[in-house]
Structure formats: structure tokens, C-alpha cells
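Thanks, everyone. Let me put the structure up on the screen, and then I will talk through its packing and its rings.

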Amino acid sequence: MKRINSSVIALSLFAGMMYTHAQEKKQLTLDEAVQLGIQNSKSLKIDAAKIEEATADLLEAKNRQLPELKVSGSYMYLPIKPTIDLKIPGVSSAGGPEVHQVAFGSANLSVPIYSGGRIKYGIQSAKYLVEASKLSTENDKIAIAYNVAQAYNNLFKANQSIKVLEENLTASQKRDETFLKLENNGVIARNDRLKANLQTSNIELQLLEAKNNYNIANINMDLLLGLPESTEIEVDQNYIDESDDVKPVDFYLNEAKENRKDLQALDQQRKAAELGTKAAKAENLPSIALTGGYVAADVPKFLTLYNAVNVGVGISYNLSNLWKENSSLKQSKAREMQLSATNELLNDNIKLDVNKEYQNTDFSKKRIAVFEKSAEQANENYRITKNKYDNGLATMTELLDADAAQIAANVGVINAKADAALAYRKLLQTTGTLTIK
């Protein structure tokens with residue numbers, strides 16, 4: 001009975017381990033991976049905080065156009081009898097009441113009427129900066145989408161290399177078994193069999209390296225997507241066929257001008273800077289506000305004051321502006337010049353990036369045809385060499401060289417297709433049109 005229980009427990013533990021291991025695997029399409037990457041991006045969380053900060057600045061700017069209402073009150077106890085000397089003709093302060101406490105309260109209201117445009121310009125400038133923050137976030141999302149695609153591509157290439165090498169290792173090991181039998185029967189020399197064994201060892205080393213690259217690529221993907229590092233991601237190879245026909249380069253240049261979020265964000269910043277200059281000029285203008293107030297006071301046995309309501313217009317002007325230079329204006333103009341130069345530089349960089357990635361995309365597509373032709377030649381060469389070797393017309397070295405060339409060519413085709421798909425996504429990123437589904 002104990003043996004049965006032990007067996008059941010062992011089987012249960014084994015099944016649990018297998019289930020846990022299966023739990024760690026996650027199959028993801030490229031679009032699903034991009035979505036996860038965006039949802040869990042730490043840099044986008046920073047961007048969200050920046051948007052909140054810009055929104056708070058906008059709220060602060062809007063608050064400046066609202067009325068200011070201040071209420072104050074005070075109570076004072078006077079331990080020593082104060083000296084009161086009334087200057088009212090015919091009224092004597094001698095023998096007046098003893099004053100030991102005073103209560104005073106007031107309410108003041110100020111409604112801005114005119115501020116030279118500072119409030120209006122401040123609100124509009126803050127709106128532009130909020131929009132700039134949002135556009136910068138969209139630009140970062142596109143960059144993250146490409147980074148995830150790049151990591152996904154690396155994982156796919158590593159996985160495909162493992163598959164090809166495992167197939168070739170199996171074939172090489174079977175060939176070693178055949179050659180061992182041939183050696184034992186005296187058909188081939190021991191040296192030829194050892195050459196074949198060496199080829200198998202080389203494939204094993206390549207496979208170890210490919211698995212190592214895969215593990216590193218998988219960990220990188222897990223971190224990008226916010227998944228546990230033990231998660232094994234299974235990729236969908238259909239993405240390598242998603243690229244469209246490449247259009248003329250002028251098409252992508254126009255797309256970049258219309259869709260680049262960083263360019264649009266910079267445009268919003270320039271508009272905000274222009275309004276900042278207008279607001280700085282308005283500092284030399286007076287401010288006008290409608291004012292109102294209420295005052296009440298109570299001095300027991302001496303004075304009671306209430307219903308002291310006042311209304312009026314207040315004008316404020318800083319006379320020091322007559323001899324002080326407007327430093328805010330100079331700073332704002334310098335900011336405009338900086339953003340203008342940045343805009344020119346960004347436009348130049350966009351043209352360079354689009355042309356560069358256009359050439360890389362075109363090059364990557366042409367590489368596929370070359371690698372496919374090379375693979376056909378390598379496969380045919382191996383077939384012919386193998387036939388010659390079987391008929392004693394080729395050496396073992398020639399056969400192994402043909403086999404190695406065949407492996408490299410087949411892996412090259414897969415990598416070329418994956419690189420072409422990634423290059424096309426990079427081109428779309430430089431135009432600001434990389435789709436985030």
C-alpha cells in the first residue's frame with residue numbers, strides 16, 4: 001500500500017511540475033506583444049505623469065481669470081489700558097471707557113478685468129503644452145512598438161535557428177551511426193568517420209549558441225512586456241509576410257511630414273513659445289481689476305463698526321518697468337529661436353532617417369531573393385556532392401563542407417525574411433505611421 005501511495009504522490013508531483021512548466025509558456029502574435037509592451041512600459045508611465053503635470057499647469061493658468069476672495073479676521077486682547085486721544089473737535093477722550101479687547105474682520109473681492117493679455121496668453125500657451133505632452137507620448141508609443149518588434153524578431157530568428165540546427169543535428173547523428181557501421185565493415189577509413197563526428201560536434205556547438213541567444217532574447221522580451229522572466233514566449237512567424245510593396249521614397253517623406261508626432265509636438269511648443277513672448281510683452285502694461293470689500297470691527301464699550309461695504313476699480317502698474325529691461329521677454333525670444341532651430345534640425349534628421357530606412361528596406365527585400373537562390377544552390381550542391389560521395393567521386397571533406405553550406409544558406413533565408421519585415425516596420429516608424437492595433 002505504501003508503495004502505491006508513493007507512486008501516486010510521485011506521479012502527482014510530476015504532473016504538477018509539467019502543468020507549472022506549461023503555465024510558463026505564452027503564445028503571442030506580434031501585435032499582442034506590442035500591446036503588452038505599451039501597457040507595461042515604464043517610460044509611458046513617466047509620460048503620463050508629464051501630461052498630468054502639464055494639465056495641472058493649464059488649470060493654474062485658468063484659475064488666474066477667476067475672482068479672488070479673501071477673508072481675514074483677528075482678535076486682540078489688551079492687558080494694558082491703551083491711551084486714546086481723540087482729535088475730534090468738541091469731543092474729549094479723558095475719562096473714556098477702558099478698552100481691553102478688539103475684534104476686526106474684513107472680506108476683499110478682486111475680479112480681473114484687464115491684464116494686458118497675460119491671463120489669456122497663459123491659458124492658450126498651457127493648452128499647447130498639454131497637447132505637446134500628449135503628442136510626445138504618442139511618439140514614444142510608436143518607438144516602443146518598434147522596440148518590441150525588434151525584440152520579437154530577434155526571438156523568432158533565434159527560435160528558427162534552433163529548429164534548423166536541431167534538424168541538421170539529427171541528420172548528422174544518423175549519418176555518424178551509418179559511418180560507424182561502414183567503418184566497422186571496413187568500407188570507410190576511421191579518419192573519415194572522425195571528420196563526420198567533428199561536423200556533428202560543430203553543429204552541437206552552434207545549437208548551444210543558438211539556445212543561449214534564444215534565452216537572452218526571451219528574457220529581454222519578458223522584461224519589455226512586463227511578464228515574469230520565467231515565461232517562455234512562443235512567436236507567430238506569420239508576421240514576416242506582412243510587409244507591403246515599397247512605394248517611392250517621396251511617398252514616405254510626405255507621410256513623415258504629416259504624421260511624425262515629435263514634429264507635431266515641437267510645433268505645439270513653438271506656438272506656446274510665441275504666446276509666451278506676447279505674455280512677456282504684456283508685463284509692461286497695467287492691470288485693472290474690479291474690487292469690493294466689507295469691513296467690521298468691534299471694540300467693546302467704545303466702538304462698533306459694520307456694513308462698511310466698498311466697491312471700486314483698482315489699477316496696478318510697476319513703475320520699475322520704465323528703467324528695467326524685460327528679461328522675461330528676452331528669455332522667451334531666445335526660446336523661440338531655439339525651437340525654430342530645433343525644428344529645422346528635426347526636419348533634416350527626418351529626411352535622413354526616412355531615406356536611410358527606405359534604402360535599408362529595399363536592400364532587405366533584395367537580400368531575400370539572393371538568399372533563396374543561395375539556398376537552392378546549396379541544397380542542390382549537397383545533393384550532388386552526396387551522390388558523388390556515395391559513388392566514391394567526392395571526399396568526406398567535400399561532403400561535410402556542402403552540408404555546412406546548406407545549413408548556413410537555409411538559416412540565411414529565414415533571417416533575411418525576418419530582417420526585411422523588421423526593416424519595413426522601421427521605415428513606418430520613421431514616417432510616424434507604424435500601426436499600433
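This is a predicted model: local features need pLDDT of at least 70, side-chain atom pairs count only at pLDDT 80 or more; totals for chains, interfaces and linings use all residues.

Leaving aside its neighbours within four places in sequence, Y239 is in contact with L30, Y152, N153, F156, A418 and A421, where contact means heavy atoms within 4.5 Å. Y239 also belongs to an aromatic cluster that it forms with Y152 and F156.

Residues are numbered from 1 along each chain as its sequence is written, and side-chain values use heavy atoms, with hydrogens and water left out.

Now to the core. The largest nonpolar core has 56 residues, and those with the most contacts inside it are Y152, L155, F156, M221, L225, I233 and Y239. By a nonpolar core I mean a set of buried Ala, Val, Leu, Ile, Met, Phe, Trp, Tyr and Cys residues joined through side-chain atoms within 4.5 Å; buried is under 20% relative accessible area, exposed is over 50%, and partly exposed is in between, with a 1.4 Å probe and protein chains only. The elements that give two or more residues to this core include α2 (30–39), α4 (118–184), α5 (190–225), β4 (232–235) and α9 (396–431), and α4 gives the most, with 15 residues. Helices here are DSSP runs of H or I with at least four residues, strands are runs of E with at least two, and both are numbered from the N terminus. A second, separate core of 10 residues includes F179, I188, Y389 and A402.

Which aromatic pairs link distant parts of the chain? The structure holds five aromatic pairs, a pair being rings of Phe, Tyr or Trp (its six-membered ring) with centres within 6.5 Å, where planes under 30 degrees apart count as stacked, over 60 as edge-to-face and the rest as tilted. The rings of F179 and Y389 have centres 6.0 Å apart and planes at 50 degrees, so this pair is tilted. Because F179 lies in helix α4 and Y389 in helix α8, the pair ties together parts that are 210 residues apart in sequence. F179 is buried at a relative accessible area of 6%, and Y389 is buried at 14%. The rings of Y252 and Y358 likewise have centres 6.0 Å apart and planes at 50 degrees, so they too are tilted; this pair links distant parts of the chain, with Y252 in helix α6 and Y358 in helix α8, 106 residues apart. Y252 counts as buried at 3% relative accessibility, and Y358 is buried with a relative accessible area of 16%.

On the exposed side, N307 has a relative accessible area of 56% and is found in strand β6 (residues 303–316). Phi of N307 is near 60 degrees, a positive value in a residue other than glycine. K373, in helix α8, counts as exposed at 52% relative accessibility, and its C-alpha atom is separated by 51 Å from that of L339, 34 residues apart along the chain.
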